[in-house]
Amino acid sequence: MSGAAKPPLIDRLRAQRETHRERSKIVRLGFVIVGFTVLLAGIAMLVLPGPALAVIPIGLAILSLEFAWAARLLEVAIEKAEQAKATAKETTRTQRIVVAVACVLALAAAVVAAILWDIPFVPWF
């Protein structure tokens with residue numbers, strides 16, 4: 001988002017970072033431990049089942065209170081999410097219909113493959 005205003009969430013995170021500095025060292029250490037735990041769980045969810053794309057930013061948000069590198073990564077992620085949101089709003093009705101049809105065809109292909117190749121992910125067959 002070069003030249004554009006920062007999303008309001010980034011300003012709120014920066015303000016929270018300032019008040020976090022006033023907490024005791026023990027509390028801050030707890031935030032670091034929890035932040036790394038959540039971040040590592042999110043990274044593991046990239047290959048394991050789970051909502052990695054939701055958990056990783058939460059871990060970064062916690063770590064951003066203490067570490068500048070986490071704050072930078074989180075700000076980039078927020079800006080990219082805002083860009084994706086704006087791009088999604090700009091899609092035409094035709095584009096949304098094409099994507100919906102593609103999703104339905106992909107689902108139908110998966111069901112047909114499961115039936116033809118006797119893949120047990122459809123439990124009633």
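User: What is the mean pLDDT of the chain?

Analyst: This is a predicted model, in which local features need pLDDT of at least 70, side-chain atom pairs count only at pLDDT 80 or more, and totals for chains, interfaces and linings use all residues. Residues are numbered from 1 along each chain as its sequence is written, and side-chain values use heavy atoms, with hydrogens and water left out. pLDDT is the predictor's confidence in each residue, from 0 to 100. The chain has a mean of 86, and 92% of its residues reach 70 or more. Confidence is lowest in helix 1, with a mean of 83, and highest in helix 2, at 95. Helices here are DSSP runs (H or I, at least four residues), numbered from the N terminus.

User: How many salt bridges does a search of the whole structure find?

Analyst: Side chains of opposite charge can pair when their charged atoms come close. The criterion is a side-chain nitrogen of Lys or Arg within 4 Å of a carboxyl oxygen of Asp or Glu. The search finds three salt bridges. One of them joins Glu75 and Arg14, at 2.9 Å from N to O. Glu75 sits in helix 4 (residues 68-89) and Arg14 in helix 1 (residues 8-20), so this pair ties together parts 61 residues apart in sequence.

User: Which residue meets Arg21 in a salt bridge?

Analyst: Glu66 does, at 3.7 Å from N to O. Arg21 is in the loop between helix 1 and helix 2 (25-44), while Glu66 is in the loop between helix 3 (52-64) and helix 4; the two are 45 residues apart. Arg21 is partly exposed, with 38% relative accessibility. Glu66 is buried, with 16%.

User: Where does Arg28 lie, and which residues does Arg28 touch?

Analyst: Arg28 lies in helix 2 and is buried, at 15% relative accessible area. Its side chain forms a salt bridge with that of Glu66, at 2.5 Å from N to O. Arg28 in helix 2 and Glu66 in the loop between helix 3 and helix 4 are 38 residues apart in sequence, so the pair ties those parts together. Shared partners join Arg21, Arg28 and Glu66 into one salt-bridge network. Leaving out residues up to four places away in sequence, Arg28 touches His20, Arg21, Arg23 and Glu66. Contact here means heavy atoms within 4.5 Å.

User: Now the helix. Which residues of helix 1 are buried?

Analyst: An α-helix has 3.6 residues a turn, so residues three or four places apart point the same way. In helix 1 the buried residues are Ile10, Leu13, Arg17 and His20. They cover an arc of only 80 degrees around the axis, which puts them on the same side of helix 1. That arc is taken from the directions from the helix axis to the C-beta atoms. On the other side, Pro8, Arg12 and Glu18 are exposed.

User: What do the buried residues of helix 1 pack against?

Analyst: They pack against helix 2, helix 3 and helix 4.

User: How many residues does helix 1 have, and what is its reach?

Analyst: Helix 1 has 13 residues and reaches 18 Å from its first C-alpha to its last, close to the expected 18 Å. The expected span is 1.5 Å times one less than the number of residues.

Definitions and conventions. Buried < 20%, exposed > 50% of the residue type's maximum accessible area, 1.4 Å probe, protein only.
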